[in-house]
Amino acid sequence: MGPVLVSLTGKAWGFIKDPIHGYIQINGTERAVIDTYPIQRLRRIRQLAGSEFVYPAANHTRFEHVLGAMHLAGVLGRALPADLSDHHVEQLRLAALLHDIGHGPFSHVFEPLMIRHLGKTHEDLVPWLVNETEIAEKLEKAGFSPKTLGRLAVGRLADKKRPFLDQVISSSVDVDKMDFLVRDSFHTGAGYGSIDVHRLLYTMDILDGNLSVDGTAVATLESFLLARLESFRTIYFHRASRAVQIMIVKALEAAKDELALLDFDEPADYLRLDDYKVWADLRECKQSRKIMQDLENRRLLKCSYEKTLYAREELVSNVITKDSVREEIQKELARKARVPEDDVVIDVPTLPSVPYHHAVEIQPMDIPVFKRGPGGRKQQVQLSEISRIVGVLQTFMNLVRVYTREQYRSRVEVASKQILGETPVSGRISY
């Protein structure tokens with residue numbers, strides 16, 4: 001934390017050195033919220049659990065990501081021609097700072113447990129944690145409503161007059177994505193994060209109450225969408241990273257009862273769970289010990305089959321993401337390959353354990369773009385009309401992979417080709 005300085009408004013502020021955005025300025029309210037336990041806990045939750053097995057430097061955490069998102073939210077809030085007061089800009093900054101406090105250990109890898117057994121996602125926990133922890137006191141003391149911030153932090157404020165407030169935090173082009181694309185690329189070294197996010201921020205506007213991008217910045221928007229696609233393929237859905245994530249999900253599922261991983265009636269019960277504690281507990285738990293030994297010795301599951309599905313098979317790819325259907329196919333694969341059922345896993349990009357699993361579905365129609373007509377009047381246009389690249393990206397792309405233990409790899413590969421086939425999957429699946 002840098003030295004405390006005095007801003008032009010008379011409020012005390014400091015700065016934090018960030019490798020992505022340079023110096024991030026913070027005021028007294030932000031400093032107080034940053035120093036709360038729910039935010040400090042994010043230092044112990046990695047942004048991309050599993051990616052460090054492929055990219056050794058990918059050990060960055062949710063903590064630096066929320067600081068970056070807060071910074072970008074402030075830049076956008078001040079740049080928008082919406083006459084936002086300092087109070088509303090500060091609301092946006094605080095909402096971005098709080099948007100990830102609901103993440104469980106190993107970030108998205110913990111998500112399947114909560115969805116399957118509690119019917120909740122990490123976003124559902126954010127308002128609860130904002131309102132029921134020390135954060136509420138810090139916000140109230142500074143004149144902010146914890147209830148409002150809890151909803152805005154997950155893009156659920158639903159202000160009918162200003163829907164763009166939610167969209168700054170959660171939309172197709174939001175400050176969350178702008179930060180993680182650049183940050184994840186930096187820490188992995190993958191090289192797809194050279195996006196001019198400030199060009200995007202400064203060309204955003206409000207059209208009919210919604211966040212919109214100036215058509216003059218379409219090249220920057222294209223690079224943003226391309227970075228999403230390439231980062232997904234090379235980072236978020238990397239074969240070995242996914243093997244690690246699948247194994248951690250299996251370990252969490254096996255140990256959930258003994259370790260009481262889903263027994264959190266109070267915020268403190270949930271906040272005690274972080275990467276350090278849960279990894280150590282999984283090592284000692286009888287149900288998960290073998291999986292953790294394999295991880296620590298890098299004995300990973302191996303991908304024995306991969307098939308790319310394009311737009312013509314969109315229906316099939318949607319079907320195959322349903323748990324019940326996937327489990328039936330897994331069982332058939334195991335029977336045909338003569339291997340234990342637990343040792344065959346079908347993986348698809350839309351599973352909640354996949355980091356940023358929504359990023360694979362490029363939906364340009366969700367991104368309002370405008371051009372200025374005669375007299376400077378803003379007119380909405382379809383992004384696909386002014387960008388041929390975006391039209392290509394709109395093609396639905398999905399991947400289906402089959403993982404197994406190394407000793408079963410060849411047998412599962414043969415079975416996968418017989419059941420899932422070289423021909424379109426739609427001709428093979430009858431479930």
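1. Of the contacts with a separation of 6 or more, 71% join residues 24 or more positions apart. Please keep in mind that this is a predicted model, in which local features need pLDDT of at least 70, side-chain atom pairs count only at pLDDT 80 or more, and totals for chains, interfaces and linings use all residues. Residues are numbered from 1 along each chain as its sequence is written, and side-chain values use heavy atoms, with hydrogens and water left out.

2. The chain holds 21 helices and 10 strands (DSSP runs, H or I of at least four residues and E of at least two, numbered from the N terminus). Of its 431 residues, 56% are buried (under 20% relative accessible area, 1.4 Å probe, protein chains only).

3. Have a look at helix H4, residues 86–98. Because 11 of its 13 residues are buried, H4 is largely enclosed by the rest of the structure. Among the buried ones are His88, Glu90, Gln91 and Arg93, along with Leu92 and Leu94.

4. Helix H13 (residues 239–255) packs against helix H15 (residues 275–284) at about 70 degrees, their axes 10 Å apart; the axes are lines fitted to C-alpha atoms over the stretch in contact, and angles run from 0 to 180 degrees between N-to-C directions. The two helices are therefore roughly perpendicular (65 to 115 degrees).

5. Which residues of H13 and H15 meet? Ile248, Ala251, Leu252 and Ala255 in H13 meet Val278, Trp279 and Leu282 in H15.

Technical notes: Buried means under 20% relative accessible area, exposed over 50%, partly exposed in between (1.4 Å probe, protein chains only). Contact means heavy atoms within 4.5 Å. Angles under 35 degrees count as roughly parallel, over 145 as roughly antiparallel, 65 to 115 as roughly perpendicular and the rest as oblique. The expected span of a helix is 1.5 Å times one less than its number of residues.
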